[in-house]
Amino acid sequence: MAWDSEKQLLFSGSFDQSVIVWDIGGQQGTAYELQGHHNKVTALCYASLKQQLISGGEDSVIVFWDMTVERKETPEWHESDCCQRCGRPFFWNLRAMMDQRQLGLRQHHCRYCGRAVCDRCSAGRASIPVMGFEFDVRVCDPCLTELKDMDHTSMATFHDAKHSIVFMDLDEPRKQLLTVGQDRLIKVWDVSALLHCTVTQENRDVTVLHQCNSHRKEKRASIVSFQLLLFFVTVQESHHTHFV
Ligand SMILES: [Zn+2]
Ligand SMILES: [Zn+2]
């Protein structure tokens, strides 16, 4: 778990690959998900000065989430016995299946509007960074059209830690990130390049945005962009490592 005291956001990692952001300060009972890992999220750190949330997972990936940007809450999933787009029945809706003389369909949900839809009405996939979906997710046809004009610029950067992470700690003043892996290695990363590029509300002009966006793409393409500083080999259970 991690905590942003200024915005009163609580972050918690979850076993289903996502990070949940609880907006405690807003007092609206809102929460949203950040999905950028392919396996369990095992560690979270928050760089409060730069408003960057850092998540580490069993997929050996470290994600830096830009928390200066506003994200939308994920919609609640609708309950329905029929596809809310084409009206064909889902497989438990026997009566409608009889009436319409057709087989029932599997139910899916559009991640953008939350409607219960059939596979045929939700064939499209899109990333929705503004909702925390950094990967392509299922969306229904009308939402796909709407999302085409939307900005799909990533609001996070992805980095290969080259070990499955069990623990992380951030030294924000020194801009160093420590990761402990399942391989019993401790790595200390220089993350100064990542902690200096944030788009703050005040300087969100075109030039800054452009620079940061191109910077982001670069990082995503090359994946490993932060430098490994130190490398501790074999953390024995019998030896206590006095590091932090
Ligand atoms: Zn349908
Ligand atoms: Zn939709």
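Modeller: Before the metal sites are discussed, one term is needed: donors are N, O and S atoms within 2.8 Å of the metal. Please also bear in mind that this is a predicted model.

Colleague: Which spacing do the donors of the zinc ion (ligand 1) follow along the chain?

Modeller: The zinc ion (ligand 1) is coordinated at 2.3 Å by the SG atoms of Cys 83, Cys 86, Cys 118 and Cys 121. Read along the chain, these donors follow the spacing C-x2-C-x31-C-x2-C.

Colleague: What arrangement do the four donor atoms around the zinc ion (ligand 1) make?

Modeller: Four donors count as tetrahedral if all angles lie between 85 and 135 degrees. The donor atoms around the zinc ion (ligand 1) subtend angles of 102 to 116 degrees, and therefore the arrangement is tetrahedral.

Colleague: How many residues apart in sequence are the parts that Cys 86 and Cys 121 tie together?

Modeller: Cys 86 lies in the loop between β7 (61-66) and α1 (94-100). Cys 121 lies in the loop between β9 and β10 (124-128), so the pair ties together parts whose separation in sequence is 35 residues.

Colleague: Does Cys 121 count as buried or exposed?

Modeller: Buried means under 20% relative accessible area. Cys 86, at 35%, is partly exposed. Cys 121 has a relative accessibility of 12% and therefore counts as buried.

Colleague: Which residues coordinate the zinc ion (ligand 2)?

Modeller: The site of the zinc ion (ligand 2) is tetrahedral, with angles of 102 to 118 degrees among its four donor atoms. Its donors follow the spacing C-x2-C-x26-C-x2-C along the chain. At 2.3 Å, the SG atoms that coordinate this ion belong to Cys 110, Cys 113, Cys 140 and Cys 143.

Colleague: Where in the chain is Cys 143?

Modeller: Cys 110 and Cys 143 are 33 residues apart and link distant parts of the chain. Cys 110 is in the loop between β8 (108-109) and β9 (116-117). Cys 143, for its part, is in helix α2 (residues 141-148).

Colleague: What is the relative accessible area of Cys 143?

Modeller: The cut-off for a buried residue is under 20% relative accessible area. Cys 110 is buried, at 0%. Cys 143 is also buried, its relative accessible area being 3%.

Colleague: Which element gives the most residues to the largest nonpolar core?

Modeller: The largest nonpolar core has 22 residues, and those touching the most other members are Cys 110, Tyr 112, Ile 128, Val 139 and Cys 143. Two or more residues come from each of β9, β10, β11 (133-139) and α2. With three residues, the element that gives the most to this core is β11.

Colleague: Which residues does Ile 128 contact, leaving aside its neighbours within four places in sequence?

Modeller: Ile 128 is among the residues that touch the most other members of the largest core. With its neighbours within four places in sequence left aside, Ile 128 is in contact with Tyr 112, Phe 133, Phe 135, Val 137, Val 139 and Leu 147. Apart from this core lies another, of 17 residues, among them Tyr 32, Val 41, Leu 44 and Val 61.

Colleague: What percentage of the residues of the chain count as buried?

Modeller: The chain contains four helices and 16 strands. Residues 24 or more positions apart account for 51% of its contacts with a separation of 6 or more. Of its 244 residues, the share that count as buried is 46%.

Methods: Residues numbered from 1 in each chain as written. Chains lettered and ligands numbered in written order. Predicted model: local features only at pLDDT ≥ 70, side-chain atom pairs only at ≥ 80, totals over all residues. Heavy atoms only, no water. Donors = N, O, S within 2.8 Å, 3.2 Å for Na, K, Ca; no water. Tetrahedral: all angles 85-135°; square planar, octahedral: opposite > 155°, others 65-115°. Buried < 20%, exposed > 50% of the residue type's maximum accessible area, 1.4 Å probe, protein only. Contact = heavy atoms within 4.5 Å. Core = buried A, V, L, I, M, F, W, Y, C linked by side-chain atoms within 4.5 Å.
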